[in-house]
Amino acid sequence: MESAVPPVPVKSQAAVRFVTFNVNGTKTLCNYHPWNKMRSFDKIFGYLFADIITLQELKVQKDNLDHELNEIPNYRSFVTLATNRKGYSGVGVFVRIPADEESDQIKSCLAVVHAEEGITGYLKSSQSTTSYRDLNNIGGYPDISEVLANEIDFQGRCVVLELGNMMVIISVYCFANSMGTEQGEFHRVLFLRCILERAEKLQQMGKTVVIMGDINVSRDLIDNEVYLREGIADKSLIPPIYNDGAHFEEANKTAVLQFRTASQPRSLLNSFIKDKYNDSGILHDTFREHHGRVMRSYSVWNTLKNTRPLNIGSRIDLILCSTTLLNKFKKCEILPWLMGSDHCPVIADFEPDESFDSFPFSKQPLSFEARYHYKTHNGCKIDSFFKSRSQSKITPTRVAKPPKSASYQYTSRKKQNPGCFKSSNNNFADIEQQFFLDSYSDQEAKNKDGRSTDMESFKRILSVAAGPPLCDHNEPCVLRVCKKESKNKGRKFWCCSRAPRPDENSNKVDEYRCNTFQWQ
């Protein structure tokens, strides 16, 4: 019989909840209670009251990335996968789509304006030939060569989102270097440096930053039970009294300071975080800000040694924020009772408490959105349109000829439409043969409901199935309807998804809407 678990802390309606959870493989998560009662990500996210949630170690491949992860109901998905090692690492960020009745502040916090894969900006979406760095949408890119950047960005470890309130979410799965190799340590430090350098540059641009994920660094001695027990056992540390971290650190001051700088990754991370030991930091550890120097609050345990029941773990899953956001984070909690991984979820609730000029909420498609980036937005491949539900092979007979009493007259398609499908880039000729007999003209083909089934209709259907075209920003266009009083009123067209520019006659390609226009 499955034991009851404590409830997840309820979120205020005025708050946006950030959640980070290293799931150690999405395929096994639903084998554990309480996730086995849900068996879908939208229910899991709803159980956590998650508005912006990042999952690390997805451990899925591009070929078997399913729609449950790419197209989660009521959430937008942004996923990066390792390209150099299959079924390794992987980070996903999922942003809730707000309801119409929610406040403008909440909508702005959930409006994804830009999305990027990787931390360095050298990567590009699958629908673009231009790197994120050259587009310079989010900005603040670290100083690093493209060769070195590719060594860390191809491992599926970082997703960067910019929201409508100028908040940038950096979701990460940092290197652990479990094997202790020299190259592994180099990549570990390089990746962490790029994260912190970019956070600093973004803040210099006037943006706020939230870094969330598996940082793979224990910041303090009180964040690592193994070191605590070893020190107490060999009497190099004075034991704590009632888990009072402040008293313990005061009694073991030298050991505490040595631990904070004992490794290069730990020293680098602590140099950017403001706390009682560092007044010059630019980021804040939300858990420490709300719980002080509390001890034995851990987010990961060694499953091979089964140390979770004894709470022999460490705290390496963090939610860090800019100074200007600190007073808006109302709580941060670790949820160690939730199983399913060697890690547990960490939550933080953010409450925007003032009005600000922000980007209006829009579900504008983004090229790095998972359903477009991995080309799963069609729901199925195009060849499935020509297969029966039983997956039987298509027979040579396509459309039954009408009875002799019908008024149709024989007309050769080739003569009537010379050169219509000459282009080698156009596959409509093959599709046409699946739906029409040569004895029918485009104008004569009708389905049983009397609706037109001419080739223009199928072109429109297939253009939607193929996804939106790209605008001059290399971003997916949006579909709009012509409302102007003219012969084209009611007709649909593709255009840039960005906000209209104040100077309508400009041909610039900048943060405003470009001049891309295409009838559907």
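**Overview**

The protein has 16 helices and 17 strands, where helices (H or I, at least four residues) and strands (E, at least two) are DSSP runs numbered from the N terminus. This is a predicted model, in which local features need pLDDT of at least 70 and side-chain atom pairs count only at pLDDT 80 or more, while totals for chains, interfaces and linings use all residues. Residues are numbered from 1 along each chain as its sequence is written, and side-chain values use heavy atoms, with hydrogens and water left out.

Q: What percentage of the 520 residues count as buried?
A: Buried means under 20% relative accessible area, exposed means over 50%, and partly exposed is in between (1.4 Å probe, protein chains only). Of the 520 residues of the protein, the share that counts as buried is 51%.

Q: Which residues is Val 210 in contact with, leaving aside its neighbours within four places in sequence?
A: Contact means heavy atoms within 4.5 Å. Val 210 is among the residues that touch the most other members of the largest core. Its contacts, with those neighbours left aside, are Met 167, Val 168, Ile 169, Ile 170, Ile 319, Leu 320, Cys 321, Leu 325, Phe 329 and Phe 18.

Q: Which strands stand at the edges of the open sheet of six strands?
A: Two strands pair if DSSP finds at least two bridges between them. The order in this sheet is S3-S4-S2-S1-S14-S13, with mixed pairing. Each edge strand has a single partner, so one side of each is left without a neighbour in the sheet. The edges are strand S3 (75-80) and strand S13 (329-334).

Q: Which residue in S14 stands opposite Glu 333?
A: S13 and strand S14 (residues 346-350) pair in the antiparallel sense over five bridges. Opposite Glu 333, the residue in S14 is Ile 347.

Q: At roughly what angle do the axes of H6 and H7 cross?
A: Axes are lines fitted to C-alpha atoms, for helices over the stretch in contact, and angles run from 0 to 180 degrees between N-to-C directions. The axes of helix H6 (residues 146-153) and H7 come within 10 Å. H6 and H7 are therefore roughly perpendicular to each other, a label for angles of 65 to 115 degrees. The crossing angle is roughly 100°.

Q: In S17, which residue is the bridge partner of Trp 494?
A: Strand S15 (residues 478-481) and strand S16 (residues 492-495) pair in the antiparallel sense over four bridges. S16 also pairs with strand S17 (residues 517-519), in the antiparallel sense over three bridges. The partner of Trp 494 in S17 is Gln 518.

Q: How many Å apart in space are Val 226 and Ile 312, C-alpha to C-alpha?
A: Val 226 has its place in helix H8 (residues 225-233) and is partly exposed, with a relative accessible area of 38%. Val 226 and Ile 312 are 86 residues apart in sequence. In space, C-alpha to C-alpha, the distance between Val 226 and Ile 312 is 6.4 Å.

Notes. A nonpolar core is a set of buried Ala, Val, Leu, Ile, Met, Phe, Trp, Tyr and Cys residues joined through side-chain atoms within 4.5 Å. Angles under 35 degrees count as roughly parallel, over 145 as roughly antiparallel, 65 to 115 as roughly perpendicular and the rest as oblique.
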